[in-house]
Amino acid sequence: MTLWIWIIVASIVAFLTKLVGYLVPRRLLKNPRILRIAGTLTIGLLAALTAANTFSSGQHLVADARIGSLVVAATALLFRAPFIVVVILGALSAAGLRLLGFA
Amino acid sequence: MSTSLRNSPGARVGLSIAVATGLYGVSFGALSVSSGLDVLQTCVLSLLLFSGGSQFAFIGVIAGGGNPIAAAGASALLGIRNAVYGMQLNALLQPRGWRRFVSAQFTVDESFATSTGQTDTIEQKRGFWIAGVGIFLLWNLFTLLGALAGSAVGDPKNWGLDGAAVAAFLALLWPRLTSREAGAIAIVCAVATVIAVPFVPPGIPILVAAVVAAAIGWFGYRQQRAEQREVPE
């Protein structure tokens, strides 16, 4: 029963956290300095998501098959491959490297 | 000019991300049941909490023998980055009234990334909704399948789905790397993330990078203004 209560509490907290950003007054977000920060923030967050998904496993830094996905994806992007092709190549390289015995 | 939904880049990106991410729900479902939650509790987490990192943190604490309060705490900590996404999407998509509340539920790493990766306003909206709703539907379906099948489904890593996520995030970042400054911000934030990983719980390194990026924006803005003032009209 306590488990249920905390599942619901965690869900409510998660929703309110997501909602907070949507309730920030929009005129505040139109300030030129805030706009500039929004731009750097987007680049920083996307770079962070890429890095975290490539090198982390829980709280550990690991070098595994995902590095192959990163290199293959970057190469495909250099050759202007479409998004879906990049994603499929990323999956195939990780799966392929694991078949070959790389973690 | 808006393109039809068939040729919409936002829709295309959103759909492929939805498939790659949604399938991962199977591993959440299987892991959650093996951590000691029942099938209904597992499905409620995917339906209501709906944030991959927070969900894995919740069941991770339970699996390690932790109490449910600690599980909810870990989940809340990991969800903080969603507030940053919400603020960005608020400025970008400008939802009104009840749409803010619906948008909030569908705000996750991938819907944020898909939306901000588009250049047109309509594509930003399509990207957000198709990625967000698509992931929600598939994530919940595959959570149920994983919970019912237990460990029989195997590890989605063997299908390379984690590699697909890496490729997808890089592909969304790529078009933004148009200047030397953008490249430098990306590298600094990626390095900050990697350095933070061993010291803070999963999900928090993203926030560390957010603080670094915001600082670059804040101080860079002052510098930009100063340079503008030096240039005679």
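This is a predicted model: local features need pLDDT of at least 70, side-chain atom pairs count only at pLDDT 80 or more; totals for chains, interfaces and linings use all residues.
Local features are reported at pLDDT of at least 70 and side-chain atom pairs at pLDDT 80 or more, while totals for chains, interfaces and linings use all residues. Residues are numbered from 1 along each chain as its sequence is written, and chains are lettered from A in the order in which they are written.

Chain B has 11 helices and 0 strands, where helices (H or I, at least four residues) and strands (E, at least two) are DSSP runs numbered from the N terminus. Its radius of gyration, taken over C-alpha atoms, is 19 Å, close to the 17 Å from the globule rule for 233 residues (2.2 Å times the number of residues to the power 0.38), so chain B is as compact as a globular protein of that length. Along the principal axes, the C-alpha atoms of chain B fill a box of roughly 70 × 45 × 40 Å. Of the 233 residues, 53% count as buried, that is, with 20 or more other C-beta atoms within 10 Å of their own, the C-beta atoms being placed from the backbone.

One helix pair in chain B is H4 (residues 52–63) and H5, whose axes come within 8 Å and cross at roughly 155°. Axes are lines fitted to C-alpha atoms over the stretch in contact, and angles run from 0 to 180 degrees between N-to-C directions. H4(B) is therefore roughly antiparallel to H5(B), a label for angles over 145 degrees. Residues in contact have C-beta atoms within 7 Å; those joining the two helices include B:Phe58 and B:Ile62 of H4(B) and B:Leu78 and B:Gly79 of H5(B). By class, the contact has 10 nonpolar, 4 polar and no charged residues. Nonpolar here covers Ala, Val, Leu, Ile, Met, Phe, Trp, Tyr, Cys and Pro, charged covers Asp, Glu, Lys and Arg, and the others, Gly among them, are polar.

Helix H7 (residues 109–116) of chain B is mostly covered, with 8 of its 8 residues buried. Among them are B:Asp109, B:Glu110 and B:Phe112. The buried residues of H7(B) pack against helix H3 (32–55) of chain A, and also against H1 (9–22), H5, H8 (121–149) and H9 (161–173) of chain B.

Note on methods. A residue is buried if 20 or more other C-beta atoms lie within 10 Å of its own, exposed if 12 or fewer, and partly exposed in between; C-beta atoms are placed from the backbone. Angles under 35 degrees count as roughly parallel, over 145 as roughly antiparallel, 65 to 115 as roughly perpendicular and the rest as oblique.
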